[in-house]
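Here is a short note to read with the model open. Take the points in order and find each one on screen.

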Amino acid sequence: MFSRLARRQLPAVRQLQQARLKRSKAGLNPDAQRVVTQLSVMSAGRKMPKMLKLCNEDYVKHKTIMKAWSVRRKEQIREEEEVLKKQYEGMKEASEDLKRVNERLFELSNRHEYGKRFPLELRVPTEYPARQVWYYDYVRKREE
Amino acid sequence: MLHLRGLATAASSNGSIPINLIRTSLILSRIPIVTPEVSEFDAKFYNYQEELEKRLMWTFPKWFYFKKGTVAEKEFTKIQKYPIPAHRGVWFPKGVPELKHGRDRRFKQEVTLANKVSEGDSQDLENVSRPITPNSRITEADKTNDETSLERKLPRTLYLLVKQDGKWKFPTFQVKDDQVALNEVAESGLRELGGDKINTWSVSGTPAAVIKYSNGEIVDEGHEGVVREYLMKSHIVAGQFVPEGLEYKWLAKEEVEGVVDPKYYEKVGYLLSN
Amino acid sequence: MSSVSKGIWSNFARRSQSLALRNRNLQKALLSPTLPHGPVSLKKRSSKDKYQSPIGMDEIYPLAYQYLESQSEKTYKKIEEIEKQLEEVADSTTKSQLKDRKTQLEVDAEVNNPEIIYNSLFGTNSIDRTQPVYRHYLEKQWKDYGRMLIMQRLETLAVIPDTLATLDPQVDVRLKFPGNNIERWIEPGDILSSNATCRPPSLEVIEFKESKNDLYTVLIVDPDTPDVENDSFSTTLHWGLKNVALSNEDGVIDAKKLVGNPEYEFVSYLPPTPEKNTGNHRIAVWVFRQAEGKKVDEGAVERGSFDIRKFAEENELTAVGAHLWRSVWDRNTENVRKMYGLGRGRIFSRDRN
């Protein structure tokens with residue numbers, strides 16, 4: 001009785017199973033897959049790292065490191081400004097002195113140099129030197 | 001009549017100082033060729049910041065860069081080291097892993113890229129795909145401590161010093177008449193000393209500083225018969241300085257301090273860069 | 001394990017012992033590149049096991065510590081110079097200027113010390129207020145929150161100008177009612193049951209300047225007492241303390257201190273017992289710093305219709321801090337009245353007759 005019943009119901013069960021099997025194997029259709037991918041690209045929650053929680057000791061250490069950095073930086077900036085100020089004072093003193101000593105030379109020194117450009121041959125510092133570190137074979141251009 | 005007003009603004013009477021008391025000095029510098037050395041503190045601080053940034057970075061979106069099912073995606077997936085996922089019944093002493101998109105959210109993500117080693121000799125310039133090996137920042141001149149070489153101390157600015165009248169100083173030249181600008185006198189004097197196979201770039205016609213001598217001694221205030229040296233700045237661009245029968249050196253700032261007269265350094269030290 | 005400190009911050013010959021962390025393991029954690037005993041401040045065993053310090057911190061931290069320590073040593077050199085000058089100078093104005101400069105330098109020398117930062121961030125209740133650097137941190141915290149809060153409460157509840165004209169807060173006043181189930185620091189403006197306030201409160205006055213034997217006057221007033229004859233309200237004085245000597249070490253006014261110094265209290269404590277249907281009564285606590293060396297000598301003071309502005313003016317008092325709470329008629333009011341023998345309170349209603 002039971003086996004007959006089971007046999008009678010079997011094709012339907014198989015059909016259902018086959019249908020489910022097929023669906024899972026095929027995956028989503030390409031359009032739906034694209035939507036899923038795009039949502040995944042946009043969703044922040046799954047890509048964000050866990051919040052960084054420091055224990056009290058490490059928090060204080062972190063503060064100390066950042067403070068040391070800023071104090072150092074401030075000190076460097078102060079030193080640079082001091083040097084720049086000295087250089088300005090030096091230029092000013094020399095120019096005023098030159099003016100007093102020889103006005104003609106002072107006039108020449110302040111003359112506008114037309115067409116003066118920063119030389120393109122001066123290279124920007126790089127992480128590692130070039131194969132030829134310095135260009136020695138310079139020949140002066142013939143003046144016309 | 002003079003109408004130019006540059007840095008000097010104070011009014012003055014026309015000078016009556018003889019031209020033979022005016023000299024001009026050239027601070028010729030070689031600018032750094034490589035980036036400056038990073039101090040120990042800076043290097044470690046940058047490392048700390050970089051690690052924090054990596055820890056707080058979002059997960060690498062693999063699906064954005066690699067289309068699913070392509071060879072590139074498979075290769076990329078193959079070389080990644082994925083963390084161990086959480087498993088029921090397994091005890092993790094350092095905390096249960098929290099994997100999302102193949103990344104443990106508690107730590108930084110290590111993304112491994114395919115390291116395609118190129119074939120060939122790195123010195124073979126004909127081979128376009130030769131492996132890249134960076135040149136050393138320490139040159140031959142550094143090893144032999146050749147102070148006359150322009151190739152020493154690449155991360156520093158070097159300054160040209162010559163031995164004039166038994167003293168190390170910046171090359172100094174006598175001004176002969178007041179029809180030529182000070183920097184031009186200095187530049188042409190440099191070529192007379194060291195040949196004209198040198199390309200320099202004069203920064204400006206205005207002097208950077210002045211040094212006053214009285215009877216060969218450096219003085220602060222000008223009296224009668226004081227010799228004045230105006231310092232002009234210039235950079236060497238190419239070529240080299242090859243004098244005949246004259247000692248010269250290319251030195252960094254602290255080396256200049258060790259060589260020149262302390263009084264002289266006091267007057268020029270602030271003009272040199274670290 | 002060697003300490004990262006190689007200079008002044010581990011030298012307690014001339015620095016106070018209170019500038020160090022008391023917990024040895026915590027101290028060791030702050031003086032080592034890594035955490036030798038694990039994260040001591042974390043309580044749970046599992047979070048201790050899970051915890052990992054950020055990568056690279058152990059390398060940079062010793063350098064950062066030593067850099068700040070060397071800066072601090074320079075500051076201590078400056079302090080020594082000022083101390084020498086102080087011995088030579090006789091003029092009082094320059095002397096006070098030098099002293100101010102010295103206090104400022106003492107703050108600067110220690111302000112970046114990790115142990116100090118730890119104490120002032122996580123151990124605010126037990127820090128040594130005689131040290132200028134701790135006072136600096138306390139003041140900063142107070143200015144960031146407490147001072148703004150008290151001014152906002154005083155102004156929105158119109159205690160300013162109903163009692164005094166205005167206030168420039170200089171001290172942090174904290175208040176609590178000991179001996180009942182709500183023994184905690186009261187937030188300014190809280191509505192408290194008359195049962196909770198039936199015994200005198202204990203106050204803490206936190207000075208941020210150096211204070212050795214300043215005298216203070218404390219007045220607690222209720223500006224919401226109904227005045228039926230004039231169809232208005234009058235001020236009642238609930239508590240009056242005068243010539244209370246406080247310092248940086250000890251800023252507490254509690255029952256113990258008052259028993260020891262009965263002369264402080266010139267008007268005894270009367271608990272707020274609002275009558276029914278008179279709404280919320282504002283109970284304002286005013287703390288005045290007395291002029292240096294000047295004692296308040298007030299004879300008999302009437303509790304009712306108290307004029308606080310006149311009192312402050314007559315005794316040359318400047319208000320430096322305040323606090324307030326609110327009180328309303330509740331089920332406990334009758335009990336408190338009975339306890340103090342005040343008789344039954346009136347009941348107000350809409351029609352007056």
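## Notes on the packing and the chains

1. Start with two helices of chain C. α4(C) and helix α6 (residues 132-156) of chain C pack at an angle of about 80°, and their axes are 8 Å apart. An angle from 65 to 115 degrees counts as roughly perpendicular, so α4(C) is roughly perpendicular to α6(C). On the α4(C) side, the contact is made by C:Thr103, C:Glu106, C:Val107 and C:Glu110. On the α6(C) side, C:Pro132, C:Val133 and C:His136 take part. The residues of this contact of α4(C) with α6(C) divide into three nonpolar, two polar and two charged. Keep in mind that this is a predicted model.

2. Stay with α4(C), which spans residues 92-110 of chain C, and turn to α3(C). How do the axes of α3(C) and α4(C) cross? They come within 9 Å and cross at roughly 165°. Angles over 145 degrees count as roughly antiparallel, and α3(C) and α4(C) are therefore roughly antiparallel to each other. Their crossing is left-handed.

3. Now look at the residues where those two helices meet. From α3(C) come C:Ser72, C:Thr75, C:Tyr76, C:Lys78, C:Ile79, C:Ile82, C:Gln85 and C:Leu86. From α4(C) come C:Lys95, C:Leu98, C:Arg101, C:Lys102, C:Leu105, C:Glu106, C:Asp108, C:Ala109 and C:Glu110. By class, the residues of the contact of α3(C) with α4(C) are seven nonpolar, three polar and seven charged. Two names deserve a second look. C:Glu106 and C:Glu110 are listed here, and C:Glu106 and C:Glu110 also belong to the contact with α6(C).

4. α3(C) also meets a helix of another chain. The partner is helix α1 (residues 40-55) of chain B. The axes of α1(B) and α3(C) come within 9 Å and cross at roughly 135°. The two helices are therefore oblique to each other. α1(B) passes α3(C) in a left-handed crossing. Chain B supplies B:Glu40, B:Phe41, B:Lys44, B:Phe45, B:Asn47 and B:Tyr48. Chain C supplies C:Met57, C:Glu59, C:Ile60, C:Leu63 and C:Tyr67. The contact of α1(B) with α3(C) has seven nonpolar, one polar and three charged residues.

5. Next, take the contact between chains C and B as a whole. It takes 10 residues from chain C and 12 residues from chain B. Which elements give two or more residues to the side of chain C that touches chain B? They are α2 (45-50) and α3 (57-88) of chain C. The largest share, five residues, comes from α3(C). By class, this side of chain C has six nonpolar, one polar and three charged residues.

6. Chains A and B also touch. Here 55 residues of chain A are in contact with 62 residues of chain B. On the chain A side, α2 (30-42), α3 (56-101) and α4 (103-109) each give two or more residues. α3(A) gives the most, with 18 residues. By class, the side of chain A that touches chain B has 25 nonpolar, nine polar and 21 charged residues.

7. In an unreviewed entry, UniProt marks residues 74-111 of chain A as "coiled-coil region". In the model, residues 74-111 of chain A are 92% helix and 0% strand, with the end C-alpha atoms 38 Å apart. For chain B, an unreviewed UniProt entry places "domain: Large ribosomal subunit protein mL46 N-terminal" at residues 22-142. Residues 22-142 of chain B are 26% helix and 11% strand, and the end C-alpha atoms lie 37 Å apart.

8. Then compare the domain assignments. Chain B is divided into domain 1 (19-34 + 140-271) and domain 2 (37-136). Their centres, taken over C-alpha atoms, are separated by 51 Å. Chain C has domain 1 (8-128) and domain 2 (160-339). The C-alpha centres of these domains of chain C lie 38 Å apart.

9. Finish with two backbone details in chain C. A cis peptide bond joins C:Ile160 and C:Pro161, with omega about 10°. C:Pro161 is placed in helix α7 (residues 159-162) of chain C. C:Asp231 has a phi near 55°, a positive value in a residue other than glycine. C:Asp231 is found in the loop between β4 (214-227) and β5 (232-246) of chain C.

Notes:
Residues are numbered from 1 along each chain as its sequence is written. Chains are lettered from A and ligands numbered from 1 in the order in which they are written. This is a predicted model: local features need pLDDT of at least 70, side-chain atom pairs count only at pLDDT 80 or more; totals for chains, interfaces and linings use all residues. Two residues are in contact if their C-beta atoms, placed from the backbone, lie within 7 Å. Helices (H or I, at least four residues) and strands (E, at least two) are DSSP runs, numbered from the N terminus. Ala, Val, Leu, Ile, Met, Phe, Trp, Tyr, Cys and Pro count as nonpolar, Asp, Glu, Lys and Arg as charged, and the others, Gly among them, as polar. Domain bounds come from an automatic or database domain assignment. UniProt positions are given in the numbering used here, feature names are shortened, and annotations may be inferred rather than shown by experiment. Axes are lines fitted to C-alpha atoms, for helices over the stretch in contact, and angles run from 0 to 180 degrees between N-to-C directions. Angles under 35 degrees count as roughly parallel, over 145 as roughly antiparallel, 65 to 115 as roughly perpendicular and the rest as oblique. A crossing is left-handed if the near helix is turned anticlockwise from the far one by less than a right angle, and right-handed if clockwise.
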